[in-house]
Amino acid sequence: MASVSAQPPLTRTSLSTPVRRATGRPTLDVVDFHCETLKPGMGEASSGVYHVTGTSHDDATEVPWSLVLKVVAGPQHIGAASLTHFYGDAVFAEPDSLLYWKREVLAYQSGLLDDLPLGLRAPRCYGVEEHGDTDAWIWLEHLRDVSEPQWSLARYGTVAEALGRFNGAYLIGRSLPTAPWVAHDWLRRWVARVAPTFADLPQLLDHRVARHAYPPDVAAGLQQIWDEREVWLRALDRLPQTFCHHDAWRRNLLLVATPDGKEQLATIDWAGLGPGPVGEEIGLLVGVAVLFGNVELADADALVELVLEGYLAGLRGVGWTGDARAVRFGYLATMVLKTRISYLPLSIGAIRDETWYAAYQQESGSTVEQLAETLVPVSDFYLTRAAEVRTLLAHL
């Protein structure tokens, strides 16, 4: 009997087509299934991601199967928990919008993700079901990550090499996608959404806890980056342009086993795909790892160099011979803008929300002011990278 632990509503009949495609058995009949939530709606266009497993019969043969269903909400159905409060309603609605709700659907339908270059892959797609502007269901291969949950520094380096090979293929002649739904000028538009925060920065930081997280020297350093952003962005526009995932951080990167016992990098969540400068792809990879504490801050400088070394090895491995300084500039400028600057509104908002203060202090034995002070060396890491960006910019 069917067992469903989460929406959306599924039936054996509705599962028949994707299951038959996934198993390669066109006469297979679904016997039973189970659905569990992998991710609830994450605040973007995704309404949820589900792992659907079950068994089927093909004549007398019992066939187990496993699929992933990603439900993508139409713009009028993106809930109050979404990022519309931060980015605005229009961010999801139009093909050229920043987080166009249907971009990943169209990418899979176009076949663009079926033939990614040189060791990088997306999950296989077993069908898309469109329900007007309400939502769309993407039936995907269930990929199992064989890597450790907490990546080592060396692991980040090998992942960066795979990303370098991916980006390098487009730098040496592979055509960039040009469909109207591809995300163009992604970084500039992402950063522009932070303007209201910097317009009110002194007032936002005039808070008893926010002052500990962002003391005057840190606030001044962040303001300087914001004031220089257009100079940085124009320089990024002049770099060699490649095809980017635009959201390549640990949550969206998996190492999957190949039939010959090796590992291959797989990427999920392609909703932001489009052109971007060389180096941009690894900026988020490292920036998020440091900002979210996925690596020890003491290891952050070593991580910066290991990832750059791996990425350059990937670029060189496919035959790209461009300027390594340009790569470093693209990498570090993106890291600073895309993570420290772009996540500032969320950080300040969380700090100023006093509803969690008492519970935190009771459970941890520390004050929220002490917690806020731990953010200062994190910001210092980004300010140091910003100083290097300025030096690189002078030589480009």
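**View 1. L120 and L265 are bridge partners, the latter residue in β10.** The model is a predicted one, in which local features need pLDDT of at least 70, side-chain atom pairs count only at pLDDT 80 or more, and totals for chains, interfaces and linings use all residues. Residues are numbered from 1 along each chain as its sequence is written, and side-chain values use heavy atoms, with hydrogens and water left out. Strand β5 (residues 120–121) runs parallel to strand β10 (residues 263–267), and 2 bridges join them. Two strands count as paired if DSSP finds at least two bridges between them. Strands (E, at least two residues) and helices (H or I, at least four residues) are DSSP runs, numbered from the N terminus.

**View 2. Strands β9 and β10 form a hairpin.** Strand β9 (residues 253–257) pairs with β10 in the antiparallel sense over 5 bridges. Between the two strands lie 5 residues, and G261 in the turn has a positive phi of about 85°.

**View 3. An open sheet of 3 strands has the order β5-β10-β9.** The pairing in this sheet is mixed. β5 and β9 stand at the edges with a single partner strand each, so one side of each has no neighbour in the sheet. Helix α4 (residues 153–171) packs on the sheet and touches β5, β9 and β10, contact being heavy atoms within 4.5 Å. The direction of α4 makes about 70° with that of β10; axes are lines fitted to C-alpha atoms, for helices over the stretch in contact, and angles run from 0 to 180 degrees between N-to-C directions.

**View 4. The second largest pocket has a volume of about 320 Å³.** On a 1 Å grid over the protein atoms alone, a pocket is an open set of points where a 1.4 Å probe fits, with protein on both sides within 12 Å along at least five of seven lines; lining residues have an atom within 4 Å of a point. The volume is the space filled by probe spheres set on the points, which are joined across faces, edges and corners. Of the 19 lining residues, L38, K39, V49, L254 and I268 are the closest to the centre of the pocket. At least two residues of the lining come from each of β2 (29–40), β4 (61–73), α3, β7 (135–141) and β9. The lining has 10 nonpolar, 1 polar and 8 charged residues; Ala, Val, Leu, Ile, Met, Phe, Trp, Tyr, Cys and Pro count as nonpolar, Asp, Glu, Lys and Arg as charged, and the others, Gly among them, as polar.

**View 5. D59 and H246 both have a positive phi in a residue other than glycine.** Most residues other than glycine have a negative phi. Phi of D59 is near 60°, and D59 lies in the loop between β3 (46–58) and β4. Phi of H246 is near 75°, and H246 lies in the loop between β8 (241–244) and β9. D59 is exposed, with a relative accessible area of 76%, whereas H246 is buried at 2%. Buried means under 20% relative accessible area, exposed over 50%, and partly exposed in between (1.4 Å probe, protein chains only).

**View 6. L98 is found in the loop between α2 (84–87) and α3 (103–110).** L98 counts as buried, at 3% relative accessibility.
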